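This report describes one protein chain, starting with a single residue and then widening to the chain as a whole. Please keep the sequence and the structure in view while reading.

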Amino acid sequence: MASNHFITKWTKTEPVAKHAVINPLNPAHKIAASSLQPIAAALRFPSLIWRCSNGSDFWLFFALFAMSLLEVIRNASANTDKVASQSEYPIILNADDVFLNLKPQLETVDPTSLANPVTGWQLSQGDTQLIESGKKFYTKLKRKLKDTTNFSKGEFVEILNLFLEKIAEKFGISAGVDTSDNGYTQVLVEKTGFLMGRDVAGLVLEACVRLEIWYLVETLIVKGIIDHSCYSNLVTSLVVKKRSDLLCLIIKHAPDLGLTELLCILKYFLCPSKDAYSSMVNVRKEWESQALLAIEKVKDKKLSDKKSHVAKEASILLMLAHDGFSTSELCLHYLLASPNVDEVILSASIGKLNVKEMMNLIRYLGKWLKKYEMFPQAVPCPKASSVLGLKACDWVPKLEDIVKFLELVLDENFSSLVLHPEFHEELKSIETLVGPLALEAKLCCSVANVIENLKTEAEGEQS
């Protein structure tokens with residue numbers, strides 16, 4: 001480099017790119033570089049240290065990386081339009097075949113270099129065929145969906161079956177059912193859907209929703225075939241079409257629902273329209289069937305003592321979740337018990353509810369507190385699902401879930417709740433329930449501390 005005051009080396013011996021130049025004598029450069037140092041240290045990027053001729057450390061590479069990342073985020077935020085065309089590589093490529101063909105481009109490889117160029121990059125024949133097949137199907141289906149009046153359910157199922165059968169044949173996958181079977185298409189989607197690719201799966205989902213082929217929508221959700229980006233439009237469409245049962249499936253299976261989706265679901269179940277109850281009946285029937293199954297398990301004398309004990313705990317838990325709740329509130333159980341809901345996004349969603357929706361939510365949470373006060377013997381029953389097939393037990397909100405949800409409601413809206421007189425009675429009622437629970441929790445904490453101290457003393461004496 002021309003000047004001793006400019007960066008000349010990496011931390012070790014790697015040369016610096018000519019465009020990556022920073023002057024340590026420039027106060028602005030010095031302040032910017034030093035301010036990035038603790039950030040990079042926190043992120044544990046020690047290899048990004050740059051050495052100057054005068055011994056100072058600068059984090060230039062990290063700064064360039066951070067600025068590039070910020071630019072990517074800004075561009076992505078500005079470009080909110082949905083990409084109409086599918087990507088060049090819409091599937092997960094088979095890396096094993098690719099890496100076997102890679103060779104160094106240079107005869108002598110520099111061991112100190114961070115990256116060495118290679119040649120021989122080529123997709124496997126199977127991946128190439130799968131991508132081409134997907135592109136043809138995508139183009140054909142996209143054209144058909146432009147005029148759904150002349151595109152029937154039967155025609156869609158026919159071309160979908162043909163596409164999936166070709167995939168199954170290429171990869172040696174057997175459907176295991178006859179083509180004349182009513183569930184043939186559903187089985188094909190279950191077994192070969194993961195090979196469709198993100199873009200094709202998203203378009204198939206769009207076709208299923210528009211043509212109202214709900215059993216295939218259910219399969220795509222449950223099997224996790226559709227991409228996360230599809231859920232925003234899917235939730236909106238299902239709310240419009242009043243498909244309460246499928247919305248519950250989304251809560252159960254979709255990872256990391258966003259603010260728009262959560263708010264839409266909350267509003268839908270807290271103040272449902274009359275038309276929405278027809279599909280909610282299926283949700284109630286599911287809870288009822290699980291509760292009846294638990295009762296049958298309790299009566300079953302062939303069960304071992306352990307399984308019989310699990311059945312009794314499960315029956316109490318399911319009784320708690322079913323009795324006294326409206327059909328729409330049964331759907332809310334899934335939201336409270338879901339491990340996939342982010343607390344920050346949930347809090348923001350609650351803050352956007354109107355007065356009526358907030359009142360219904362507080363009443364719903366109040367019901368749960370009363371239930372747990374009346375039945376203190378009700379405890380989580382994680383074994384019921386695997387041992388007895390009582391899967392609904394996994395979706396009964398625990399007391400800690402209720403308290404956490406109530407905390408989010410009060411933290412986000414306490415000032416507005418105080419200003420509305422209609423909330424006062426509900427809050428007073430909840431206070432009478434929470435007070436004794438808080439006192440009991442303090443006592444339990446004291447006992448727990450005593451037990452922990454005794455354990456520590458016993459361990460000390462043994463050692």
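Ser244 counts as buried, because its relative accessibility is 0% and the cut-off for buried is under 20% relative accessible area. The model is a predicted one. Ser244 belongs to helix α10, which covers residues 244-253.

Which side chain makes a polar contact with that of Ser244? The partner is Tyr268, and the polar contact spans 2.7 Å.

## Gly176

Is Gly176 buried or exposed? Gly176 is exposed, because its relative accessible area is 65% and exposed means over 50%. Gly176 sits in a loop, with α5 (153-170) on one side and α6 (184-192) on the other. Between Gly176 and Leu188 there are 9.1 Å in space, C-alpha to C-alpha, and the two are twelve residues apart in sequence.

The two residues are set side by side below.

| Residue | Relative accessibility | Class |
|---|---|---|
| Ser244 | 0% | buried |
| Gly176 | 65% | exposed |

## The chain as a whole

The chain holds 19 helices and five strands. It has 463 residues, of which 38% count as buried. Its accessible surface comes to about 27,300 Å², and carbon and sulfur atoms account for 56% of that surface. Of the contacts between residues at least 6 apart in sequence, 71% join residues at least 24 apart.

Conventions: Residues are numbered from 1 along each chain as its sequence is written. This is a predicted model: local features need pLDDT of at least 70, side-chain atom pairs count only at pLDDT 80 or more; totals for chains, interfaces and linings use all residues. Side-chain values use heavy atoms; hydrogens and water are left out. Helices (H or I, at least four residues) and strands (E, at least two) are DSSP runs, numbered from the N terminus. Buried means under 20% relative accessible area, exposed over 50%, partly exposed in between (1.4 Å probe, protein chains only). A polar contact is a pair of N or O atoms within 3.5 Å; within protein, one must be able to donate a hydrogen and the other to accept it, and residues adjacent in sequence count only if both atoms are side-chain atoms. Contact means heavy atoms within 4.5 Å. Accessible areas come from the Shrake-Rupley method with a 1.4 Å probe; for residues, only the protein chains shown count as cover.
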